[in-house]
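Please have the viewer open as you read.

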Amino acid sequence: MDHKEMPCPTADTWGKSFPSGNELLKNISSDDTPLTSSQRSQQKWEDPSMLDYNARIEPPFQDFKQRSETQSSLPCNPNNHNKVTDEEDVQMNGTIQTEKIQDWDPRAMLNNLTFLEQKIHQLQDLVHLIVGRRSQALGRPDELVAQQKQLITADLTSIIVQLISTAGSLLPSVKPLSGTTPTGQLGQLGGLFLPSTVGLNGSVQLQNNSGSKVSDQSNQMDITVNCGNEQNYNMEEHESKDDEDADEGENLPPGSYEILQLEKEEILAPHTHFCTICGKGFKRDANLRMHMRGHGDEYKTPAALAKPNKEATSEPMLIKRYSCPYAGCKRNKEHKKFQPLKTILCVKNHYKRTHCDKSYTCSRCNTKKFSVIADLKTHEKHCGKDKWLCSCGTTFSRKDKLFGHIALFQGHTPAIPLEETKGPNVPPDRGEGNEAINKVRSINFNFGSNAPNGNEVQNTADVKGNIEDPTGYFSPLNFDTWNFGGFHEFPRPPYEDSESSLSFLIPGSCNYTVPGSCNFTQKTGAESSSNNPE
Amino acid sequence: MLLSVFTEDLLVRVYIKLGSESDRKTWRLVCKDFLRVDSVTRRSLRVLRSEFLHGLLSKYKNLDTLDLTVCPRIEDATVSVMLSQAVNSVSWTRWVTRLVLSRASGLRYGGLERLVGACPCLEVLDVSYCWVYGDREAWAISSVRGLRELRMDKCLGVSDVGLAKIAVGCGKLERLSLKWCMEISDLGVDLLCKKCLELKSLDVSYLKVTSESLRSIASLPKLELLAMVGCPFLDDYGLQFLEHGCPSLQAIDVSRCGCVSSSGLISVVRGHRGLAMLNAGYCFSELSAMVLYSLKDLKNLNTIRIDGAQVSDSSFQTFSTNCKSLVEIGLSKCVGVTNMGIMQLVYGCVGLKIVNLTCCRFITDEAISALANSCRNLVSLKLEACDKVTEKSLDQLGSCCLQLKELDLTDCCGVNDKGLKYLSRCSELLSLKLGLCTNISDKGLAYIAHNCTKISELDLYRCTSIGDDGLAALSSGFKNLMKLNLSYCNGVTDRGVQYIGCLGELSDLEMRGLVNLTSEGLTAVAAGCKKLSDLDLKHCGKIDDSGFWALSYYSRNMRQINMSYCAVSDVGLCMVLGNLTRLQDVKLVHLMNVTVKGFELALRACCVRIKKAKLIGSLRFLLSTEILETLHARGCKIRWE
């Protein structure tokens, strides 16, 4: 899809405006009442091949790129599918019925068209002239060619502008004309206007996604798509949790605003554009604008349709607030202490955060879950960096932030993780790993410490895990290999009062060394039975 | 029959009058009733051996102070033993307000938490030099809500997080020492100053804190003492915060702060006219006129130390005229201290009691005479390396300063036997240092020994003219001697050292480089000096296993020993390390007769209680990793040479 749409070096502003202008014409033509029945019948033909065919027989100056875009966008939006087919059909019809514009038009329109016709004729003559001259004298300097080109372009521009304005003047009069079946008309119109706007809208989004060609895209957007669209798109990325509670402080008296409640399905639909009046969501801004027409005449002006800017929305109207469809929720209008939500975005985020499963799991920590993807993205930016933890559970990416928090709140302290993060291979000059502590206990045990510690068994078990062979830790083997033969011949100090000295000595060492050394002392023959009462 | 006369109440009153520990020991041995009075009345207990811990704690129920500093094997399991009896009877912990766990590096957060948790009234806790302590131990400490005083010097692992725990948990802290807690930064100090507003004394010496910390500290309303020794990042800008902060500040120590200069000091002084103590040693090269001018206003100043500064006679003029209440002055290594200066100083400051003139080489008898004449209440005088001082000075001191308790004459070549004769009139002397005084002989020592019987510390380092007769005199005179340094007194032989054995109170003995000393001498010392706890035998090359055999048999109180370069073998080393159950600090380098296996076995024999060891570097790779890990896990610090 991207490949088809992206490469459009020739898609200058004119490339875009041409089809839109052209289609406006066609749309206008399609408003002819007799046609509606035929349209309805054609609706049933919906068939990709048919659409392709339609596309191929479009007028030559309709940009191919846009059509392909329209088609490509079809599968992703099944809701709009019908409308688009509608519109395609109409386009085809439009090409057939172009001449019928003046059939119903008042005089002003006729004048306009006559003027346009004249202009087109003039241009035709000019082009004829150029063609003639070119055939006469080939090899003219390029400057002249360029000049002629400019001249034609300027004329074409003015024609198009007038065409659009003519079409625009026509629009407000649609409703009274088709008063009998207003909804049907609206539906048709909604569909009719789609191709130009949808195509552009799609491309804008695409550009945003790619993120590289925003600058050269802005030209195109100026014509059909309002910048608000892009802003809206960006906003969604930066939305924070505050969205939902942004209206906490505002105390609108009940009744001073209109309460709207979207259905669950609407909230959860992957829409990015929402009707500020009824809250209905759309995937494309163009669809939204078509939808807006149903809310009143002020949305039907060419300005509102082509460039739904602030003027359209800033008109005085009743403040709108939103209700959560979830019964019992504080944000539900039935709740006693109902607190309305300010925007559609708030509704969306509130509903997802509060009433939906948290289906997005952070890929880094695999523990934190979110229901709003933007929350996940925000978290992922900081995940792993928030190593400063407060006893209240709040994490901070920076130590000073944590300390500021602790200074502020009574009783909060920095949390110290229960598990030491140090690995088992701690160098002995640092670290106080669990293993080391276990060893302490184990040795304690080996030494026959009289600690009445209930954990002793556990400790020994730990030892076996940690030290390969706890019994061999102070194994008598060491003593055996070491020559203790000289021990017997050890010179006895002069003060020695016979056996007590030696017997004192040995139990002494026995007390503080290990079974191994006990073995050794027995081997030397010194009986350790007579313990010195120290 | 005595008991029929004396009621228990009276016995308690008598018991309270007993001063020394040995007197109390005698008391206990009189009879069971006396013993009971002792156990009921005793408030403070300093335990020497972990074996006795259980029995002692079950006997003394009214303790308010428990000191385990010198007790080996204080670890989590010991805590279980200590608290085990608490279940079925009245616990010793109920009135304990003061717990001294200094150097109890074997104790970890689990045991510490249980121990402090068992003492509901705990107010003072000392865990200094528990170098393995970190944030978890700090966490355990933070559970003591009523803590007022905490010393955690050199708890190397405690960081801002641990300090924050304590700051939040112990909001009533009044005195806190964080000396050498190198992980603590401005953030921690800032939080501390926000949470503990009761702080009266704070020591942040040697921390890497900056002026930001001083900004926080300045907000402490009750701070009286601030010690910031050797903080390399503290500067004058930080001291300016103190000018307008800490309204109750009375004592400040900024010595060895490289970035502090006179201007910072002036701003502190300007803000605190009531300053009583100022220590600005090694801060600035010259004591400028500006500083002196500002010092004029400190009418209450009683202690000033300006070690290492360049001073002039006029500086002393200022002190003399303004700081009349000066009690202590430290002029160690000051440049420009002259006789004239000292004479001017003592003319005004007659109340001086402590004077440090170390390395003021231009001082002569003239200055000392003036000092002795003016300052009759002199208690401590340090004259190390003042080699122009002769017997004339000592004559003056001996006739005027009869209160003198401490005198340092190290490296004063002018001191001779005649001088010592004069000095012997100072009968109150407790500490006398005569190191490197090569001109003194047995005769001089005899004068001192005869008259200055209260001396408890004597330094005879490299007094090469001292011989066995001197030690004979010494042993008959100094019955209270606790510290003795005989290092490199080459004239001393076994005969002399045998006299040392008569000194029953001796606890510290340095005998480095006594080349004539053999096992026989050491045996006599070991047999006689039952209280010996610190022994240095480095380079006593003639002492072999038999000497150490005796040592391991008799010196049951030995806590620290240096056996480097001795002729001890595997067996001797194992005997010493295995049998001396209070041994906590050993230095064992260059033991030529000891094999790697000997070291291994000896260390295994003592690894449960040893806290510090110095070993030859090559052993690091020869000893088994198990023993090294065990030692480390027990909180033993090994210094590799």
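Let us start with a cysteine: at 0% relative accessibility, B:C607 counts as buried, where buried means under 20% relative accessible area, exposed over 50% and partly exposed in between, with a 1.4 Å probe and protein chains only. Before going further, please note that this is a predicted model, in which local features need pLDDT of at least 70, side-chain atom pairs count only at pLDDT 80 or more, and totals for chains, interfaces and linings use all residues. Residues are numbered from 1 along each chain as its sequence is written, chains are lettered from A and ligands numbered from 1 in the order in which they are written, and side-chain values use heavy atoms, with hydrogens and water left out.

**Cysteines**

Over all chains, the structure holds 0 disulfides, a disulfide being a pair of cysteine sulfur atoms within 2.5 Å. B:C155 is in no disulfide, and its nearest cysteine sulfur, that of B:C181, is 5.3 Å away. With 1% relative accessibility, B:C155 counts as buried. B:C607 is in no disulfide either, the nearest cysteine sulfur being that of B:C606 at 6.7 Å.

**Aromatic rings**

Rings of Phe, Tyr and Trp (its six-membered ring) pair if their centres lie within 6.5 Å; planes under 30 degrees apart count as stacked, over 60 as edge-to-face and the rest as tilted. By this rule there are 7 aromatic pairs over all chains. Two of the pairs are set out here.

| Pair | Centre to centre | Angle between planes | Type |
|---|---|---|---|
| B:Y237 and B:F241 | 5.2 Å | 75° | edge-to-face |
| B:Y461 and B:Y488 | 5.8 Å | 90° | edge-to-face |

How are B:Y237 and B:F241 placed in helix α12 of chain B? They are 4 residues apart in this helix (residues 236–244), so about one helical turn separates them. Helices (H or I, at least four residues) and strands (E, at least two) are DSSP runs, numbered from the N terminus. An α-helix has 3.6 residues a turn, so residues three or four places apart point the same way. B:Y237 is partly exposed at 44% relative accessible area, while B:F241 is buried at 19%.

The other pair links two loops. B:Y461 lies between β17 (457–459) and α21 (468–477) of chain B, and B:Y488 between β18 (483–485) and α22 (494–500) of chain B, so the pair ties together parts 27 residues apart in sequence. B:Y461 is partly exposed, at 27%, and B:Y488 is buried, at 18%. The charged end of B:R462 also sits over the ring of B:Y488, 4.0 Å from its centre; this requires NZ of Lys or CZ of Arg within 6 Å of the ring centre and within 35 degrees of the ring normal. In a like arrangement, the charged end of B:R136 sits over the ring of B:Y109, 4.9 Å from its centre. B:Y15, B:W27 and B:F34 form one aromatic cluster.

**Core and helix packing**

A nonpolar core is a set of buried Ala, Val, Leu, Ile, Met, Phe, Trp, Tyr and Cys residues joined through side-chain atoms within 4.5 Å. The largest has 210 residues, with B:I217, B:F319 and B:L458 making the most contacts inside it. Leaving aside neighbours within four places in sequence, B:I217 is in contact (heavy atoms within 4.5 Å) with residues including B:V189, B:L202 and B:C246. A second, separate core of 12 residues includes A:L262 and A:Y322.

In helix α16 (residues 339–348) of chain B, the buried residues include B:I342, B:L345 and B:V346. Among the elements covering the buried residues of α16(B) are α15 (313–322) and α17 (365–374) of chain B.
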